[in-house]
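Please keep the model in view while reading.

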Amino acid sequence: MAKAQIMSIDATPALALRGVVDFISAGDVEDIGGTNDIGQFPGDMRVFAVDEVVTRIGEVLGMICAESIELAERAAQLVDVQYGEPSEPPVFTIEDAIERESYFVDPNVRTKGNIDVGFESADFILEGEMKQGSQHHFYMETQSAFVSPDEQDGIKIICATQDPAGVVSNLALALGMPDHKIICETKRCGGAYGGKAPWGSVFATWVAVCARVLNRPVRCQLRRETDFQVIGKRHPWLAKYRVGYQESGRIVAMDVEAYAGGGCTYTDTPADTGRLVNTLDNAYNIPHMRATVYSCNTNLPSNTWVRSPGTMNGVFYMEYIMDHVSRHSGIDPSVIRVTKLFARWRHNSQWNDNFQCNNARSVGPYERKFTN
């Protein structure tokens, strides 16, 4: 019920089951002296939804604590939640966000050269659109955590995370305790592909609040279908471009507008958009370029890092455009590419600081293929 008002939450039927311990929600966070706001930006990420508009599909309203997983799942189905009508139509797709101008911040704009001069010097101008969907992390172990209070009024947590420091920071906010009273352990790292970095910390916070309120150990591991519903995924992207090239196949201008589906919070989107901008030129020296990147606010779980966030998209866009020019001009795509490669090293270029690129033209057989 994205964008719907929470009218009431009644856990009485669930709590009537023998073995059900408690229903933990946003009010309990306040009762233990913590804050329900744990995002990197104020108001960006809530521990639990409160009596206001639901921000996304899959937002967690609270946690049922019980003596067994099976009992907790059964009890959760008995919690009665009443919703009002959505305050406005939800935004689910990038196209919806564009139509509604639903963006977190002003676009990230990067320019090089003079884009108008570049297109004026082009013999041909092509336009196109590229779209990439989202992607589940599908880590082998779903989100999991075991939290126990200690005798020094602290918390010890063993969890699946890529960011133990982030877990400590989130728990300190939500539990209202100093960092030094929180111990985070993880047995091993690897295989999470980004899904247990920020989102691993959010999940750990849900479990830790339950342990703090009950003052007893609490363990939780999500079922795969629940993990899919509540945890963010790879950012979907939509990109629109214009590219100008001369009859020889030399690309002289490129203008790209890209839109990232950020989900309901801005937390992890800057990393994706920033990396896309920084890698959009890939290994090629386009004299006149402009990139305009939008961060779309949608009513879905906050999307996050998945293997090469933003970088993969930027490289793909450039290579796709190279192929489009090749198909339109009839020139071998390798020739289109080799004519635009950077010199052996580039430092502090107008487009991307601190990027270095080996010149593939220095590879003899590759170069001779096009010069003989």
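A residue is called buried here if its relative accessible area is under 20%. The model is a predicted one. With that cut-off, the buried residues of helix H9, which covers residues 269-279, are Thr269, Asp272, Thr273, Leu276, Val277 and Thr279.

The axes of H9 and H10 come within 7 Å, and the angle at which they cross is roughly 35°. This crossing is right-handed. On the side of H9 the contact is made by Arg275, Leu276 and Thr279, and on the side of H10 by Thr311, Asn313, Gly314, Val315 and Tyr317. By kind, the residues of this contact divide into three nonpolar, four polar and one charged.

The wider chain gives the setting for this packing. There are 12 helices and 13 strands in the chain. Its C-alpha trace spans about 80 × 45 × 30 Å along the principal axes. The chain has 372 residues, of which 48% count as buried. Among contacts between residues at least 6 apart in sequence, 78% join residues at least 24 apart.

The next subject is the space that the atoms leave free. Rolling a probe the size of a water molecule over the atoms shows where empty space is left. The largest pocket holds about 1400 Å³ of space. It is lined by 41 residues, and those closest to its centre are Gly62, Met63, Ile64, Ala72 and Ala76. Which helices and strands each supply at least two residues of this lining? They are strands S2 (20-25), S3 (62-66), S4 (80-83) and S10 (218-221), and helices H3 (69-76), H7 (198-214) and H8 (224-230). The largest share, five residues, comes from S3. In kind, the lining of the largest pocket comprises 26 nonpolar, seven polar and eight charged residues.

The second largest pocket contains about 410 Å³ of space. Of the 22 residues that line this pocket, the closest to its centre are Glu141, Ser144, Ala160, Arg188 and Lys196. Strands S7 (144-149), S8 (155-159) and S10 each supply at least two residues of the lining. Strand S10 also contributes at least two residues to the lining of the largest pocket. In the second largest pocket, the largest share, three residues, comes from S7. The residues of this lining divide into 10 nonpolar, seven polar and five charged.

How many cavities of 30 Å³ or more does a search of the whole structure find? The search finds one, and the volume of this largest cavity is about 50 Å³. Its lining is formed by His136, His137, Phe138 and Tyr139, along with Asp227, Phe228, Ile231, Gly232 and Lys233. These lining residues divide into four nonpolar, three polar and two charged.

Note on methods: Residues are numbered from 1 along each chain as its sequence is written. This is a predicted model: local features need pLDDT of at least 70, side-chain atom pairs count only at pLDDT 80 or more; totals for chains, interfaces and linings use all residues. Side-chain values use heavy atoms; hydrogens and water are left out. On a 1 Å grid over the protein atoms alone, a cavity is a set of points where a 1.4 Å probe fits but cannot get out, and a pocket is an open set with protein on both sides within 12 Å along at least five of seven lines; lining residues have an atom within 4 Å of a point. Grid points are joined across faces, edges and corners, and a volume is the space filled by probe spheres set on the points. Helices (H or I, at least four residues) and strands (E, at least two) are DSSP runs, numbered from the N terminus. Ala, Val, Leu, Ile, Met, Phe, Trp, Tyr, Cys and Pro count as nonpolar, Asp, Glu, Lys and Arg as charged, and the others, Gly among them, as polar. Buried means under 20% relative accessible area, exposed over 50%, partly exposed in between (1.4 Å probe, protein chains only). Axes are lines fitted to C-alpha atoms, for helices over the stretch in contact, and angles run from 0 to 180 degrees between N-to-C directions. A crossing is left-handed if the near helix is turned anticlockwise from the far one by less than a right angle, and right-handed if clockwise. Contact means heavy atoms within 4.5 Å.
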